[in-house]
Amino acid sequence: MLQYIIRRFFYLIPTFIGATFLAFLITQLVPGDFCDQKALEANVRPETIARCKARYGTEDPFITKYVRWMGDLLRGDLGDSFASNQPVSNVIRRPIYNSMILVIFSLILLYLFAIPLGVFSAVRQYSVADQTVSAFSYFGLAIPNFFFALVLILALFLLRGFTRDNFGYNELILPVAQMTSSGFEQMSSWAKIKDILWHAILPAFVIATGGIAGLTRVLRAQMIEFLQSDFIRTARAKGLDDRSVTYKHALRPAIIPFVAGIGGLLPGLISGGGLVEVVMSWPGITPVLLESLGRQDIYVVLGFTIISVILLMIGNLISDILLAVVDPRIRYS
Amino acid sequence: MNKSERQSKSQYQIAWEQFRRHKIALWGLAILGIMYFLTIFAGFVAPYGLNEYRRFPVTAFRPPTKIHWINPETGKLTRPFVYDTKDERDPVTRQRVYKEDTSKTYPIKFFVKRPEASYKILGIWRSDVHLFGVDEPARIFLWGTNNLGKDIFSRVLYGGQVSLVIGILAVWVSLLLGLFFGGIAGYYGGWVDDIIMRLVEVLDAIPGLFLLIVLASLLRDPRNPIAQTFGLKMTSSDIFLMVVIVLGFVGWGGLARTIRSFLLTLREMDYTYAAKALGAGDTRIIWQHLLPGTASFLIVTITLAIPGFILAETGLSLIGLGPSEVDSASWGMLLRDATARGLSIQFVPWLLIPGIPIFLAILSWNLVGDGLRDAFDPRKRK
């Protein structure tokens, strides 16, 4: 097992180098840099521009820049942000934490909703309930999450209008924007956590919708296939009750690929969350990434890209290992 | 027995018969048919031009125009008409409110000529006849107006010309790249396969949205290498082309991988060995034996890939990285007006309408794709 993990790990190294090279290459596609943008401002002396260029080495040839950046990266240094004049790691840390809160929250929601729905549908194949779930999963797969977010915001406001007129309750039942309430700084740390999670409910749910819909459909198909297989018939023939057949014998094998595939879901959630962050002004990766792109603050852009590449690789590694744990055939091939 | 009865049915005839029985997929096909039809005749169906607006009287954020059917004097059913709209200030909140001016009715007319909103159908036929309209100074805004007072109904129709078309174009770019790289990887195997698959893995390792955003924002810059090489000035049609290329480039990896694995299976089929034994060359085997085998699979893959591209384009447009906003509209761009309103969306809910065609287009392409997949799958035949 250890041997397998080590082999998988070494396998990642060329991909990582390739991905960093590609990312670096793309950011260098367009000539011009932050210092050139600065030159457009009023009252900037040519010496300031020259100092800026010398300091960040923006005029060096491509290979020099790449080697320098890669060398720094291997020492754990992501370079400096031009725009905010501080290390990139300082700039990107908070947005990455904030995005991870959403990603992990939506991952939990994903399993919390999809597994019961998939099982529920599968044991009632072709019933009205099953068809309702199917219809909802088509809906969930087709609605763009940024649009869904806007619709839910509108719905919550309409609900507030309704409760105000009928019950005199003039509050939104869930926060629809930002990550914290006003007065966040004065809260106790427990109240802070509660406040952030409270704000995360709506965006996390929106990000999870597509995944819930997809997972429900696949789990339903898997369960149906297993419920018709021979070992289930044997289990029933032994006189086991429905509960134990469904949950112990059919659900377990059907669910394994999903639990193991947790790592594969991470990139989708990181990507998928991006536009929801923009729409609901969640201070995550994507809003800051867009801002840095606009300013040609390329080391911040690269910093985000590299961290997400690493997160993605860790995710994939975890799912490979989990899959190997549950399926001995993979370990020995 | 006549000739046609003796002939066995082709794969596509069988698939079509299967598809026709798939009710939901047919619904999807019908919705798509209507949407693409409206897109082609957008200029005719839309009462106003894409960027047409008037500064006075103010038309910003007008709610959808009410259409009346009952004659107020006789109380009987009459031909549909609208009222002109006056704007007033709410005495308390100082907000602008629109009121109907019921002094005069304006019947809805059909096939009206409006030279100020002329259009071309398929870029060939110029015309200024519109399906419906009302006499000035009344205006008919079926789905309300945006912050500049532009008619959202007309803009949604024109938006289809970007949002519905870009997905189809991008899928071809992806398919070409995917077929080329997946094809040679799957057929030749060995080190060619290794290199190409590593490349796909590298592309996969960067989260899709990042790649999309970074590429789209860099390739809008007129200093980018593609524009430099081909001397493009990054006019709006150039930007459109770049968005297509970016979308296609980000999407080809997955296609290449599936094509490769499919070819790997086909390569081991007995008929491929038979062809080889008979002395057929690589080109003949690829074109005559392998590609026809992948055709049905490709049709399904393309159909299911298009909604992803539509989604990606609307997402890019939403953050202002889609096609140019100067002389085109896309549904994502129109939704941008809604996000710009932030939390006051409750006062202008009609700005969300452009999201509905996005949803319908993605849903219908998914339904048609699922239907095709079942129709081509011999195990699912009824």
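Which residue follows α5(B), and is its phi positive or negative? Select G189(B): this residue comes after α5(B), and its phi is positive, near 65 degrees. Keep in mind throughout that the model is predicted.

**Stop one: the helix before it**

Now select residues 152–188 of chain B, which form helix α5. How far apart are its end C-alpha atoms? They are 53 Å apart. The helix has 37 residues, and at 1.5 Å a residue it should span 54 Å, so the two values agree. Next, center the view on G159(B). Here α5(B) has a kink of about 35 degrees.

**Stop two: where the chains meet**

Show both chains. On chain B, 37 residues are in contact with 43 residues of chain A. Which helices of chain B each supply at least two residues to this side? Color α6 (190–205), α7 (208–219), α11 (282–318), α12 (331–341) and α13 (355–376) of chain B to see them. Then pick out α7(B). Its eight residues are the largest share of the side of chain B that touches chain A. Color that side by residue type: 24 residues are nonpolar, nine are polar and four are charged.

**Stop three: a helix pair in chain A**

Move to chain A. Select α5 (residues 88–123) and α8 (residues 189–227) of chain A. At what angle do these two helices pack? The angle is about 35 degrees, and their axes lie 5 Å apart. Is the crossing of α5(A) and α8(A) left-handed or right-handed? The crossing is right-handed. Finish with the residues of the contact between α5(A) and α8(A): 24 are nonpolar, five are polar and one is charged.

Note on methods:
Residues are numbered from 1 along each chain as its sequence is written. Chains are lettered from A and ligands numbered from 1 in the order in which they are written. This is a predicted model: local features need pLDDT of at least 70, side-chain atom pairs count only at pLDDT 80 or more; totals for chains, interfaces and linings use all residues. Two residues are in contact if their C-beta atoms, placed from the backbone, lie within 7 Å. Helices (H or I, at least four residues) and strands (E, at least two) are DSSP runs, numbered from the N terminus. Ala, Val, Leu, Ile, Met, Phe, Trp, Tyr, Cys and Pro count as nonpolar, Asp, Glu, Lys and Arg as charged, and the others, Gly among them, as polar. The expected span of a helix is 1.5 Å times one less than its number of residues. The bend at a residue is the angle between axes fitted to the seven residues ending there and the seven starting there. Axes are lines fitted to C-alpha atoms, for helices over the stretch in contact, and angles run from 0 to 180 degrees between N-to-C directions. A crossing is left-handed if the near helix is turned anticlockwise from the far one by less than a right angle, and right-handed if clockwise.
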